[in-house]
Amino acid sequence: MNIYRPKDGKQTVLIKKQAEWVTAIAYSADGKCLASAGRNGGVEVWEAGADPKPFNTLAGHKVACTALAFMPGVLASASEDGKIALWNVKDGVEIRSWTAHPGGVLWVDFTPDGRLVRCGRDKIAKGGGATGQQTFAPDGFRVLA
C-alpha cells in the first residue's frame, strides 16, 4: 500500500504487510491511526506517522471488507457478506457485529454526533443508532427498519 503526500503527490510510505488488494482505507480524526482492509476480509490498524507501525490485526470478516470509518476509540468495518463490525481500536476486540444489508455493505461512516450511517447493495441507506433504527429508501421516504 502506497501513501502519498497530498501537497506534492510524493510517496511518503510503502506498507508491504497488506498482502491482498487494499479495498478500504481510513484515518482516525486525530491522525494517529490508519486502518486498511483487504479483499480477504482482513483489517489492519496502524500507528500513523512517517513510518507507520502495525498496531492491531482485526479478523472479523471472512470476505472482502468494503468500508472503514473511525470515531474516537472505535473503528467500524463493513463487508461483502452484509456484516458490520465495531471494534475497540486500542485492544482490537470486537465490540459487536450484525448483518446490516443482504448482499453486502458498500459504505459506512459515523455522523459527528456518533450515529452510524451506511448503505448496501439492497439500495437502502440506513442511519440512526448502532443497529440503524431508521431506514431511508431510494426515493427518500423513511421506512421502518
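The following conversation walks through a predicted model of one protein.

Biologist: How many helices and strands does the protein have?
Modeller: The protein has zero helices and 15 strands. This is a predicted model, so the description concerns computed coordinates.

Biologist: What share of the residues counts as buried?
Modeller: Of the 145 residues of the protein, 43% count as buried. The protein exposes about 8,000 Å², and carbon and sulfur atoms supply 56% of that area.

Biologist: Which strands make up the open sheet of four, and in what order?
Modeller: The order is 7-8-9-10, and the pairing is antiparallel. Strand 7 (65–71) and strand 10 (94–99) are the edge strands, each pairing on one side only. On average, neighbouring strands of this sheet are turned by 15 degrees against each other, with direction ignored.

Biologist: What holds strands of a sheet together in general?
Modeller: Strands of a sheet pair through backbone hydrogen bonds, either parallel or antiparallel.

Biologist: Over how many bridges do strand 8 and strand 9 pair?
Modeller: Strand 8 (residues 74–79) and strand 9 (residues 83–88) pair over five bridges in the antiparallel sense. Within strand 9, alanine 85 stands opposite serine 77.

Biologist: Is serine 79 buried or exposed?
Modeller: Serine 79, which lies in strand 8, counts as buried because its relative accessibility is 0%, and the cut-off for buried is under 20%. Beyond residues up to four places away in sequence, serine 79 touches His61, Val63, Ala64, Cys65, Thr66, Gly104 and Val105. Valine 63 is 16 residues apart from serine 79 in sequence, and their C-alpha atoms are 6.6 Å apart in space.

Biologist: And lysine 83, buried or exposed?
Modeller: Lysine 83 has its place in strand 9. Its relative accessibility is 17%, so lysine 83 counts as buried. Leaving aside neighbours within four places in sequence, its contacts include Gly60, His61, Ser77, Glu94, Trp98 and Val105.

Biologist: Changing topic, which residues touch the most other members of the largest nonpolar core?
Modeller: Those are Val43, Leu68, Phe70 and Leu75, in a core of 15 residues. Strand 3 (22–27), strand 4 (33–38), strand 5 (43–47), strand 7 and strand 9 each give two or more residues to this core. There is also a second, separate core of 13 residues, which includes Ala67, Ala69, Val108 and Leu116.

Biologist: How do strand 11 and strand 12 pair?
Modeller: Strand 11 (residues 105–110) and strand 12 pair in the antiparallel sense over five bridges. The two strands form a hairpin with five residues between them, and glycine 114 in the turn has a positive phi of about 95 degrees. Phenylalanine 110 stands opposite leucine 116 in strand 12.

Biologist: Where do the side chains of strand 12 point?
Modeller: They alternate along the strand.

Biologist: Which phi does lysine 123 have?
Modeller: Lysine 123 has a positive phi of about 65 degrees although it is not a glycine. Most residues other than glycine have a negative phi. Lysine 123 is found in the loop between strand 12 (116–120) and strand 13 (125–128), and it counts as exposed because its relative accessibility is 66%.

Terms used: Residues numbered from 1 in each chain as written. Predicted model: local features only at pLDDT ≥ 70, side-chain atom pairs only at ≥ 80, totals over all residues. Heavy atoms only, no water. Pairing = 2+ DSSP bridges. Axes fitted to C-alpha atoms, helices over the stretch in contact; angles between N-to-C directions. Buried < 20%, exposed > 50% of the residue type's maximum accessible area, 1.4 Å probe, protein only. Contact = heavy atoms within 4.5 Å. Areas by Shrake-Rupley, 256 points an atom, 1.4 Å probe, with all protein chains shown as cover. Core = buried A, V, L, I, M, F, W, Y, C linked by side-chain atoms within 4.5 Å.
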